[in-house]
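User: I'm new to this one. Can you walk me through it?

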Amino acid sequence: MSWKREIQFWGMYCVARWLRLLPVLVVVMLTVWKLVGQLLTAPGFHLYWDASYVEPCNKYWWATLLFIQNIYPGGESFGNKGYFCVPVSWYLAVDMQLYVFVAPIVLITYHYGLYAKVFQKAKKYMAGSFIFALLATSIGLTAWIVMEHNVMWQFLGVGDFDRYYIKPWTRAPPYLLGMVLGLLIFELQRKEKCQRLYTIFANVKDWVLVILFLAAFVAFVLLAFTPAFYLQTPKGRRSESRDVRRTRRRARK
C-alpha cells in the first residue's frame, strides 16, 4: 500500500478500537457518575459515593474518555484509590496504550520490516528481538520501581497503586507474551508442514483434555494461593497482637 493508505489504515486501527470501547465505557461512567447516587439514600452514603465517584468524574471525565486516566491524574501511592472517574477502568487505559503504541511497531516490524528493503530478510528476527527487548525493559523497570520506592505486594489495598500497579510499563509482559503467541500461531497456520500438528490437536482424546485442564487448574491454584504464605503474619507477631488485645480489654474494664 502507499504511504497515504498505510497512514489511513493505522489511524483507523487506533480509532476503531476507541470507538468500539467508548459506548460501553460511557454507559458505565454515566451510571456511576449520574445515576447511582440518585437511587440510594442510605445514611452517609452520599459522602462516600460523591468523594469516590462523583467528584473525580466532575474533574477528570475527559481523561477516562481518552484512556489516559492511569497516567493522569493517576492514583494514590501505597493504597488502592484512583483519582479518576470509574477507578476500575485503569486496565482499559493500560490495554489501549499497549494496543496503540506497542502493537503497531511490532506488527510493522514483523510484516513490513519497518518499510525498509534492507530489513526485509531479517524482519521476523527483528520483531522477535524487539519484543524481548521490550519484555526485558519492562521487567527491569518494574524491578527498579520496586527497589527504588520499596514497593511491597499489591494486596487488599496495600502497595504502590500509582507507580507500580496501574502503569503500562509494568503491565506490559503478559501483553508482549500474548503477541509472541499470536505471531507463532500465525506462522504455524501458514506452513503446510504444520497440518499434521493441527490434525493431532483436532483428534485429541477427551481424557487428555481433562488431564490438561486439571494441570492448568492446579497451576492456577498454586499461583493464586501461594502468596498467602508470604503474606501471613508470623507466629511471634500473632501472639504479640493477642497480648495487645488482652491489655486493651483489661484497660477498658
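User: What share of the contacts in the protein with a separation of 6 or more comes from residues 24 or more positions apart?
Analyst: Those residues account for 65% of such contacts. Contact means heavy atoms within 4.5 Å. Before we go on, this is a predicted model: local features need pLDDT of at least 70, side-chain atom pairs count only at pLDDT 80 or more, and totals for chains, interfaces and linings use all residues. Residues are numbered from 1 along each chain as its sequence is written, and side-chain values use heavy atoms, with hydrogens and water left out.

User: Ok. How many helices and strands does the protein have?
Analyst: Eleven helices and zero strands. Both are DSSP runs numbered from the N terminus: helices are H or I with at least four residues, strands are E with at least two.

User: And how much of the protein is buried?
Analyst: Buried residues make up 30% of the 253 residues. Buried means under 20% relative accessible area, exposed means over 50%, and partly exposed is in between (1.4 Å probe, protein chains only).

User: Switching topic. How many disulfides does a search of the whole structure find?
Analyst: One. The disulfide joins Cys-57 to Cys-85, with an S to S distance of 1.9 Å. The cut-off for a disulfide is a pair of cysteine sulfur atoms within 2.5 Å.

User: Where do Cys-57 and Cys-85 sit?
Analyst: They link distant parts of the chain, 28 residues apart. Cys-57 is in helix α2 (residues 45–65). Cys-85 is in the loop between α2 and α3 (90–101).

User: Is that disulfide right-handed or left-handed, and why?
Analyst: Right-handed, because the torsion about the S-S bond of Cys-57 and Cys-85 is about 75°.

User: Are Cys-57 and Cys-85 buried or exposed?
Analyst: Cys-57 is buried, at 0% relative accessible area. Cys-85 is also buried, at 0%. Cys-14, by contrast, is partly exposed at 22%.

User: Now helix packing. How do α5 and α7 cross?
Analyst: Helix α5 (residues 123–148) and helix α7 (residues 168–190) have axes that come within 8 Å and cross at roughly 160°. That makes α5 roughly antiparallel to α7. Axes are lines fitted to C-alpha atoms, for helices over the stretch in contact, and angles run from 0 to 180 degrees between N-to-C directions. Under 35 degrees counts as roughly parallel, over 145 as roughly antiparallel, 65 to 115 as roughly perpendicular, and the rest as oblique.

User: Which residues make the contact between α5 and α7?
Analyst: On α5 they include Ile-131, Leu-134, Leu-135 and Ser-138. On α7 they include Trp-169, Leu-176, Leu-177 and Val-180.

User: And α4 with α5: what is the crossing there?
Analyst: The axes of helix α4 (residues 103–112) and α5 come within 6 Å and cross at roughly 155°. So α4 and α5 are roughly antiparallel to each other. Among the residues in contact are Ile-105, Val-106 and Tyr-110 of α4, and Met-126, Ala-127 and Phe-130 of α5.

User: Back to single residues. Is Lys-167 buried or exposed?
Analyst: Buried, with a relative accessible area of 7%. Lys-167 lies in the loop between α6 (161–165) and α7. Not counting residues up to four places away in sequence, Lys-167 touches Asn-70, Ile-71, Val-94 and Asp-162.

User: Where is Asp-162?
Analyst: In helix α6. Asp-162 counts as buried, at 18% relative accessibility. Leaving aside neighbours within four places in sequence, Asp-162 is in contact with Asn-70, Gly-74, Gly-75, Glu-76, Ser-77 and Lys-167.

User: What is phi of Leu-114?
Analyst: Near 60°, a positive value in a residue other than glycine. Leu-114 is in the loop between α4 and α5, and is partly exposed at 41% relative accessible area. Tyr-115 has a positive phi of about 60° too. Tyr-115 is found in the loop between α4 and α5 and is partly exposed at 29%.
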